[in-house]
Amino acid sequence: MPSNHKLAADLLAKAKKLNQEDPLASFKSEFLLPQNVIYVDGNSLGPLSKAAKNRAVEVVEQQWGNSLISSWNVHDWINLPTTVGNKIAKLIGAAPNTVICCDSISVNLFKLLSAALLLSAKQAADDKTDARTLILSQKDNFPTDLYMVQGLGQLLNSGTQTKLELMSVDSKDITRSIEEHGHRIAVLMLTHVNFRNGDIHDLQALTELAHAKGILVLWDLAHSAGVLPLALEECEVDFAVGCTYKYLNGGPGAPGFAYVAERLLPDLQQPLSGWLGHKKPFDFEHDYEKAAGIEQLLCGTPSIISMSVLDAALDMFETISVSDLRAKSIALNDFFQSCVEQINASYSPSDSPLVLACNEQAQMRGSQISYKHPHAYAICQALISEGVISDFRSPDILRIGFSPLFLHFTDMLNAALILTSIVRTKRYTQPQFLIKNKVT
Ligand SMILES: Cc1ncc(COP(=O)(O)O)c(C=O)c1O
Ligand SMILES: Nc1c(O)cccc1C(=O)C[C@H](N)C(=O)O
């Protein structure tokens with residue numbers, strides 16, 4: 001407890017009032033969270049909902065167990081990637097039938113980047129200009145995005161001619177790089193919300209700027225889908241990818257999604273030409289002919305159990321607007337930050353304090369806050385041992401995520417009390433917290 005009892009009482013009264021005013025407060029009871037746990041890691045893996053658990057049992061016992069292979073028709077498994085894709089489309093401002101649920105972000109990036117490069121090359125040939133060879137991205141992107149470009153580059157550049165180069169620059173230099181190298185850039189590939197510090201790129205402005213230079217745009221929405229309002233269609237975004245195991249609560253390894261603007265679908269050619277992306281998969285023809293719609297992004301047989309669980313988890317979003325989710329996420333983020341600041345201010349300054357490693361204003365960040373500390377890993381482990389599940393991002397970032405569907409403002413106060421106390425008393429220095437041997 002803060003030494004100042006009045007402060008503690010005031011913060012608790014404020015938290016309770018915010019809970020009462022929260023239109024999303026009742027959704028917490030839809031989740032099966034363990035007792036005595038404050039889960040501030042829904043930005044890495046969303047928790048289990050009752051609906052998802054029930055669907056898991058149903059799909060295994062009834063659908064697979066009883067209906068066996070007829071479930072592809074009876075339970076419409078065959079259309080699940082588009083059914084689920086359409087539910088996701090509503091959350092990201094995409095037109096119907098422009099989103100498909102399949103594979104992982106990494107695999108979908110490979111498909112879409114390859115397809116974008118082919119479109120760009122065709123455009124250059126039509127315009128009689130040199131083919132563009134650059135993919136512009138941010139240095140601080142989530143590594144898999146950069147790795148996928150590097151892997152694709154190895155494949156494409158195996159001959160004598162360089163066909164693809166990754167140009168990764170500081171986020172603050174993206175605009176300047178587009179201005180300077182625009183004519184050489186085929187694709188601008190950015191992650192909307194930065195996984196370490198929560199910085200948000202201006203999706204609309206950067207998409208417009210890139211288009212003005214003839215660049216195709218691909219957004220990674222891993223930390224945006226289901227928590228930040230998005231308008232892909234309105235902003236004329238070309239491509240997007242995202243995952244469903246974070247704010248969409250689809251479960252560990254739940255399939256990702258891919259978005260392609262409707263206008264690009266007819267000429268799109270993706271390299272993972274598996275049978276389910278074929279125009280008539282069940283005709284079992286010798287030659288590949290792509291499906292006309294977004295189904296062309298499919299490759300092999302989808303993971304039906306996982307996708308069914310996700311399908312059920314997504315139903316919760318039917319009655320909620322993303323702007324309400326964003327408003328609550330900002331309020332949780334802001335309240336947590338102010339609790340930490342006020343509690344710390346009520347004590348004499350600590351000799352090794354947590355330092356904010358993100359924008360100071362909650363509305364300027366994604367649904368997370370990041371602190372820098374030389375012992376961030378140990379602090380994270382100490383937090384987990386005291387029931388506050390957060391995560392650590394190498395080398396020195398403690399990351400707290402705010403999932404608006406199942407967190408209450410009282411959770412924020414309790415998490416802030418535990419965090420500040422662990423740092424102040426240096427409880428993180430216990431030996432078991434110092435050994436770095438865990439996935440976080
Ligand atoms: C921005 C971003 N992109 C991609 C990924 C991972 O992609 P995949 O679904 O392929 O594991 C993550 C997190 O794991 C991420 O935060
Ligand atoms: N996808 C993950 C996994 O399979 C294991 C552990 C963590 C993850 C994550 O999603 C990490 C997450 N994208 C991040 O922002 O750090």
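**Exercise 1. Describe the seven-stranded sheet: what is the order of its strands, and which strands form its edges?**

Solution. The model is a predicted one.
- Step 1. The seven strands form an open sheet in the order S2-S8-S7-S6-S5-S3-S4, and their pairing is mixed.
- Step 2. The edges are strand S2 (99–101) and strand S4 (165–169), each of which pairs on one side only.
- Step 3. Direction ignored, neighbouring strands of this sheet are turned by 20° against each other on average.
- Step 4. For one pair within the sheet, strand S5 (residues 185–191) and strand S6 (residues 216–220) run parallel and are joined by five bridges. Met189 has Leu218 in S6 as its bridge partner.

As background, strands of a sheet pair through backbone hydrogen bonds, either parallel or antiparallel.

**Exercise 2. Determine which strands helices H5 and H6 lie across, and at what angles they run.**

Solution. 
- Step 1. Helix H5 lies across strand S3 (134–138), S5, S6, strand S7 (239–242) and strand S8 (257–260). The direction of H5 is at about 155° to S5.
- Step 2. Helix H6 lies across S3, S4, S5 and S6, and runs at about 155° to S4.

**Exercise 3. Identify the residues with the most contacts in the largest nonpolar core, and the element that gives the most to this core.**

Solution. 
- Step 1. The largest nonpolar core has 77 residues, of which Ile92, Leu113, Val187 and Leu218 touch the most other members.
- Step 2. With eight residues, H5 gives the most to this core.
- Step 3. Leaving out residues up to four places away in sequence, Val187 touches Leu113, Ala116, Leu117, Ser120, Ile135, Ile215, Leu216 and Leu218.
- Step 4. There is also a second, separate core of 43 residues, which includes Phe336, Val340, Ile369 and Leu413.

In soluble globular proteins, nonpolar side chains tend to be buried together.

**Exercise 4. Trace the four-stranded sheet and explain why strand S10 is described as largely enclosed.**

Solution. 
- Step 1. Four strands in the order S9-S10-S13-S12 make an open sheet with antiparallel pairing. Its edge strands are S9 and strand S12 (391–393), each pairing on one side only.
- Step 2. Strand S9 (residues 355–356) pairs with S10 over two bridges in the antiparallel sense. Across this pair, Leu356 has Tyr371 as its bridge partner, and Val355 stands opposite Lys372.
- Step 3. S10 also pairs with strand S13 (residues 397–401), again in the antiparallel sense, over five bridges. Here Lys372 stands opposite Ile397.
- Step 4. A residue counts as buried if 20 or more other C-beta atoms lie within 10 Å of its own. Four of the five residues of S10 (residues 368–372) are buried, so this strand is largely enclosed by the rest of the structure.

**Exercise 5. Is helix H11 enclosed or open, and what do its buried residues pack against?**

Solution. 
- Step 1. Eight of the 10 residues of H11 (residues 376–385) are buried, so the helix is largely enclosed by the rest of the structure.
- Step 2. These buried residues are Ala376, Tyr377, Ala378, Ile379, Cys380, Gln381, Ala382 and Leu383.
- Step 3. They pack against S10, strand S11 (388–389), S12, S13, helix H12 (409–425) and helix H13 (431–434).
- Step 4. H11 is followed by Gly387, which has a positive phi near 90°.

**Exercise 6. Describe the backbone at Pro395, Asp76 and Lys426.**

Solution. 
- Step 1. Most residues other than glycine have a negative phi, and most peptide bonds are trans.
- Step 2. Ser394 and Pro395 are joined by a cis peptide bond, with omega about 5°. Pro395 lies in the loop between S12 and S13.
- Step 3. Asp76 has a positive phi near 55° and is found in the loop between helix H3 (71–74) and helix H4 (80–91). Asp76 is exposed, with 11 other C-beta atoms within 10 Å.
- Step 4. Lys426 has a positive phi of about 60° and lies in the loop between H12 and H13. Lys426 is partly exposed, with 15 other C-beta atoms within 10 Å.

Terms used. Residues are numbered from 1 along each chain as its sequence is written. Chains are lettered from A and ligands numbered from 1 in the order in which they are written. This is a predicted model: local features need pLDDT of at least 70, side-chain atom pairs count only at pLDDT 80 or more; totals for chains, interfaces and linings use all residues. Two strands pair if DSSP finds at least two bridges between them. Axes are lines fitted to C-alpha atoms, for helices over the stretch in contact, and angles run from 0 to 180 degrees between N-to-C directions. Two residues are in contact if their C-beta atoms, placed from the backbone, lie within 7 Å. A residue is buried if 20 or more other C-beta atoms lie within 10 Å of its own, exposed if 12 or fewer, and partly exposed in between; C-beta atoms are placed from the backbone. A nonpolar core is a set of buried Ala, Val, Leu, Ile, Met, Phe, Trp, Tyr and Cys residues joined through C-beta atoms within 7 Å.
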